[in-house]
Amino acid sequence: MSQTPVRRLRLGAPVLLLAAAMLAAGCAPDQYPQTTLIPRADFAREADTLMRQTLLWATIVFVLVEGALLFAIWKFRNRPGAAEPVQTHGNTTLEIVWTIIPAFILAMIAVPTVRTIFKTSQRPGPGALQVEVIGHQWWWEFRYPELGITTAGELVVPSGRTVSLEMTTADVLHSFWLPQFAGKRDVFPGRYNNLWFKAEVEGNFPAQCVEFCGVQHGRMAYRIVSVTPEAFDAWAANFNAPPKDFTADSTANPLVREGQRLFTAKGCGGCHAMYPALPLIGPNLHHVGSRSHIAAGTLENTDENLARWIKNPQEWKTGVLMPNLGLTDQETAAIVAYLRANQ
Amino acid sequence: MATAHAHADDHHYTATGIDNRKLAIWTFIGSECMFFASLIGTYLVYKGRDVVGPKPHGEWLLNGVAQEQMLEIPLVTFGTALLLFSSFFVVLALNGAQKGNRKQLIGWLLATIVCGVFFVGMQVYEFNHFAHRGMGYTTNLFSSTFYTLTGFHGTHVTLGLVWLVSVLVVALRGKLPPEKALNLEMAALYWHFVDVVWIVIFPVVYLIR
Amino acid sequence: MATTALEHAPAHHEEATGIWSWITTVDHKRIGIMYGVTAFLFFLLGGLEALVIRMQLWGPDGRLVSAEVYNQLFTMHGTTMIFLGVMPLSAMYFNYMIPLQLGARDVAFPRLNAFSYWVFLLGGLIINASWFFGAAPNGGWFGYANLTSAQYSPGLNIDFWTVGLQILGVASLAAAVNFFVTVINLRAPGMGMMHMPMFVWMSFITQILLLLSFPIITVALVLLMIDRSFGTHFFVPAGGGDPILWQHLFWLFGHPEVYILILPSFGIVSEILPVFSRKPLFGYAAMVFSGAFIAFVGFGVWAHHMFSTGMGPFADAFFALATMIIAIPTGVKIFNWIGTVWGGKLEFKTPMLFALGFIAMFIMGGLSGVMHASPPADLQQTDTYFIVAHFHYVLFGGAIFALTGGAYYWWPKMSGKMLDEGLGTLHFWLMMIGFNLTFFPMHIVGLNGMPRRVYTYSAESNFELLNKMETVGAFLLGLAMLVFMWNILKTWRSHQPPAPADPWNGATLEWAIPSPPQHFNFPALPRVHGRDALWEMKRVAGGTLPEPTPVAHDAVPMPNPSWKPLVAALGVAITLGGFIGGSHLWVHAVGLVVLFYGVYAWAFEDPFAATGH
C-alpha cells in the first residue's frame, strides 16, 4: 500500500486542475445574471463584504488545516522498518491552543457580523420609495401605494433612490430575493417583512422565488428593472394614463380590436385587470406590452412566447392556475396583438 | 484475555446496579417531558390569539350574547386533587408490594385506580359539557390547543390505568411477590410522571389568565 | 442482583437458520444486519432519486420529469437519505457494535430492539408506498406550513409523509431508550464511562439527542396531521394559526437531527484513525466533551435555519453567535484527529482512506457552515445551492464517507469475509472524485444565484456548465457504489479463508472474539481496566493473543426468539396508517387491537422459557 500516496498525487493533479477550472468559473460571476457576487446596491454590498471577510478566514483555515492533514498523511505514512509510534494520549496545552485560536478567528467574524446585522435591520428613512410586494402561487405582485400603481412580474425601481419593500403573501410562504441588490426575506400570510436597497446601476436583472411554494416554485421568477429617476417618473406617469379602449377607436388595428373583444368574451378579464387597479385572481396586465418578460418572468415578451403561453399555459407551467381556454390560432393572435398594444 | 467465568447470572449484571427496566422508564419519561413541553409550548404560543370565541377565562360573546366562562375551575381542582392523592396511594401500594403485604398492595392499588378513573371521568364530563356548549374540536385555536393538550394527557392517564389494572390482575392472582415489586414500581413511576405533567398543565390552562 | 438464571433451563443455544429465524430474531447482530441491508436498499433508492434529479438538471428547461414528479423526487431524496439511509445505517452500527465494544452479550432489551427494527421497516415501506399511489410526499423534507395544509396540498402526499415520519419516530425513540440503557448498564465489568470506545461515546450522545428531539417533531407532525384530518388551524393563518410555529418546532428537532446524523460518524472515524495510525486517539477527554458540548449547544441554534424569516436583529445576533460557538468544539475534534494521525505509522487500508477523506471533506463542510452562520451573508446564501453544497459536504463527505469507512472496517467482523483492498481503494477514489465533482460546483452555482428545489433553470441564468459537471459527478458516485457492491459480491462468493478475529490489530473488544461472533458474543464477560481494552490485553499478553476458538453453543443461555415485537410493530403501523387520507376509525381500531395483543403477549412472555424442542 506504500504506493498509495503516489497514486494520490497522480489522481490529485486532474482533480486540482478541475478545481482550478471551477474556481475560475466562479471568479467570473459576470457571466451569471443572477449572481450574488457582484453587489449593485448598498444592502448587497454589506452582505458581500461580510461574506468575503468570512471567506478569507475560511480559506486561510482551509489551507492550514488541510495542509497539516496532507502533510501528516505524507510524513507519517508507513515505511518499511519504521519504528512503532510513541503512544501519546494527548496534550493539554495543545487542546487549549486549538480551542483559543478558532475562538479568536470566530470573534473576528462575529464582530462585523453583529454590526452588519444591526445595520441591515434598520428601517430606511423618509423619502424612500415604498413598494408592497405580495407573493402568489406562482407570481409576484408589486404595488406602489404612493403612485397608485399595481403591477406584476417586474419590479421597476429608480436608481440612486432607496426602495423600501414591505412584503407579504396571499397564499403560502414564498421568499423574495434580490440577489444583485439585497438578500432575501421569506413572506408570511398576515405579516409584513422588510427589505431595502439603493440601486447603483441601471439594468434588467432576473431573480426568482427562493422558498419552496408548490408545484411551480421553479418557474416563479420576476425581473428587477432599475432605471434612471427620469425614466422611472415617465414609467409611472404612463402607467397612470387612462387605459386605452381600442374597441371605441375605429382607427385602431382591427386585430387589436378583435383581441380586446375576445379578452372580455373569453373571460380573461375575470382574472386579469387591464387597468390600474387591485388585481383580481391573476396578475394585473395593465401595460403588459411594455414588460420585458411574461409568465412570471420566465419567457421573453415576444409575440411567439405570448401566443405559446396563452394557447396553453399548462404546457410551459404545468399546474399554473391559468386554464387552457382552447383558443384557436386566430383568437390567440388577436389577444396577443391586443396585449402587445398595451404599451 | 482477562475474563470472568461464564455465569448465567451475567444476564442480570448491570454496570450501575440499577435494573435495566427502571432505567428505561426514567429514560422514557425524560423523552416524554419534551413531548409535553412541545404541546404546552404550543398552547402558550396560541393563548389569546383566537380569531373567534370561546375564550377560556371570563365572559365571551356569541352572536352578541354574553356567554359564561368556559373553564370550570372547582371541578378540575377536585380532579387534580384526586390525581395527586392517587400518586400517594400508589406509593403505599408499592410499599405493600415490597413488604409482601398483599392487603396493603391490593387495597391501595385499587384506590389509585379509582382515583384515576374519576379523573378520566371528570375529563370526559368536561369535554362533553364543552361540546354541548358549542366548543367543538375545530371551533378556534383555544379549543384545538386545549383538547389536544388535555386530550393527550388524558390518553396518558388512560394508558397508565390500563397498566395499573394489568398489575392489579397479576397481584390478585398472587403473582406479584416482593422480588417482582419492580413490575409495579415501573407503572408507579409512569403514574407519578403523568401526575407531575398535570401539575404543570393545570396552572397553565386553568389558573393563568 | 443475586438472582440467577440457572433456574431457567438453558433455552435457546444455537442460532437457527431460515427466514422465520430472522423474522423472530432478537439477536442484536442479526437485527444490525437487517438494519444494514434495509437501510442500504433505501440508500440506493435515494441515490437513484438523486440521479433522476441530476439528469433533469443536465440542461436548461429540462423535461425529463414533470415539475410535480421532480418535487416528489427531491422531497423523497431528502427524507429517504436522512430517515431511511444515514440514520438506520448508523443504527446498524449501534446494533452490531455497541454491545460488542461494551463487552456485552446483547442490548438491554433484545425484543424492544427487534420491535424498533420492524417499526422502522414498516415506516419506510409506508412512506415509499406513496409512489404506487402516484402521491409521494412533495412538500420538501422540511414540510413547511402552510404549503402542507389541506388547502394547498389536498392529496395523499403529505399524509404519507406525516404518518411515515411518525412511525419512524417511534422506531427511533424505542431504539434510543434501548441503547441509552445499554450503554449505561451493560458496560463490561471495570469499563468506566471514560473508558468507553469513542464510537460508543458518540452513539450515546446521539441517543440523548434522539430522546430529546424526536418528541418535538412528533408533536409538530401530530398537529399537522390533525390539521389535515380534522380541520383544526394549528398552522392555518385563516384560523389564527401561525406557519412560523411549524418552523420553530421543526428546527428545534431539525438541528439536533443534524448531529444525530453526524455524531455516530465522528465515533466511527475516531475508531478507525487510531487503529491504522497504531497510536491511541489523541485527546480522548477533549473528544468526549467536545461531542457533548456540540450536542448541548445544538439545541440552542435551531433558528439559524430561519435567518431569512425576519426574526429581528437581537434573535439574529444570538443565533449567529451560538452557531459560531459550535464551530469551536468541532474544530477541536478535527485537530485531535490530526493529532491522532500525527506521529503515527499510517497504513492506508480502505477504512483509513475513508476516515482521512472524511476529515478532509468535513473541514470543507464546516467552513462553509461558518460562512452562513453570519445572517446578512446567509440572506444571500440560504435556499440556494450553496446550502445544498454545504450540507452534502457534511452529510455525504462527512457521514457517508465515515459510514462507508466503517463498512470496510467492520465487514470482516460482521461477515467473516475480508473485502478486497484493490476494489476498496478504487471505490474510495471514485467516490472522492465523484463527490467533489458533484458538490463543489454547487457552491459556485449557488453563490451565482441558483435556488434550491427548482425543477429547472433558464438558459439565461448560465447555470448549465456547472450543472453538467455535477451530473457527471453524480454518475461517478453511482459507479463507485457499483464497485462497492461488486466488492461485496466478489468476496462473498470467493473461497478465501475466513477473516481472523482481529485483522486490523484492533483496540476494542469486538476484535477479541471470532468473526463473525457467536450468538452470545462473549463466553465470559471480559474484565476491563482502561481504554483501548484489547490493546491493553495484547500488551499484557506480550504482543498478540491467540485466535479465539468458538466454544460450545449451549455455553450461555440466550433469550428465545419472539414474534411478538413484529405484531406490536404492525399494530403501531396500522394504527397510524389509518391517518392516511383522513382518519379511518376502523383502521385505528384494528391497529390498536393488534398493538395491545402484541404488547400483552410480549409482556407475559418469558424470554428464557424452555422452548420444548
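What radius of gyration does chain A have, against that of a compact globule of 343 residues? Chain A has 28 Å, whereas such a globule would have a radius near 20 Å. The radius is taken over C-alpha atoms, and the globule rule is 2.2 Å times the number of residues to the power 0.38. The model is predicted: local features need pLDDT of at least 70, side-chain atom pairs count only at pLDDT 80 or more, and totals for chains, interfaces and linings use all residues. Residues are numbered from 1 along each chain as its sequence is written, while chains are lettered from A and ligands numbered from 1 in the order in which they are written.

Along the principal axes, the C-alpha atoms of chain A fill a box of roughly 100 × 50 × 35 Å. Chain A has eight helices and twelve strands. These elements are DSSP runs numbered from the N terminus (helices: H or I, at least four residues; strands: E, at least two). Of the 343 residues in chain A, 41% are buried. A residue is buried if 20 or more other C-beta atoms, placed from the backbone, lie within 10 Å of its own. Contacts are counted where two C-beta atoms, placed from the backbone, lie within 7 Å. Among contacts in chain A between residues at least 6 apart in sequence, 68% join residues at least 24 apart.

Chain A is assigned two domains: domain 1 (34-68 + 94-241) and domain 2 (246-341). The bounds come from an automatic or database domain assignment. The domain centres, taken over C-alpha atoms, are separated by 31 Å. Their contact takes 21 residues from domain 1 of chain A and 17 residues from domain 2 of chain A. On the domain 1 side, at least two residues each come from strand 2 (139-144), strand 3 (149-152), strand 9 (203-208), strand 10 (221-227) and helix 4 (229-240) of chain A. Strand 3 of chain A provides the largest share, four residues. This side divides into ten nonpolar, seven polar and four charged residues. Here Ala, Val, Leu, Ile, Met, Phe, Trp, Tyr, Cys and Pro count as nonpolar, Asp, Glu, Lys and Arg as charged, and the others, Gly among them, as polar.

Two pairs of chains touch, and the most contacts are between chains A and C. That contact takes 83 residues from chain C and 86 residues from chain A. Several helices give two or more residues to the chain C side, including helix 3 (67-102), helix 7 (243-277) and helix 14 (464-493) of chain C. Helix 9 of chain C gives the most, with 15 residues. By class, the chain C side has 49 nonpolar, 24 polar and ten charged residues.

Chain B meets chain C through 39 residues, in contact with 46 residues of chain C. Helix 1 (20-46) and helix 4 (141-172) of chain B each supply at least two residues of the chain B side. Its largest share, 14 residues, comes from helix 1 of chain B. The chain B side has 18 nonpolar, 16 polar and five charged residues. Chains A and B do not touch; their nearest C-alpha atoms are 13 Å apart.

The largest nonpolar core has 351 residues. Such a core is a set of buried Ala, Val, Leu, Ile, Met, Phe, Trp, Tyr and Cys residues joined through C-beta atoms within 7 Å. Helix 6 (residues 198-230) of chain C gives the largest share, 23 residues. Both domains of chain A give residues to this core, so it lies between them. Among the residues with the most contacts inside the core are A:Phe197 and C:Ala573. Not counting residues up to four places away in sequence, C:Ala573 touches C:Val119, C:Leu122, C:Gly123, C:Ile126 and C:Ile167.

Methods
Buried ≥ 20, exposed ≤ 12 C-beta atoms within 10 Å, placed from the backbone.
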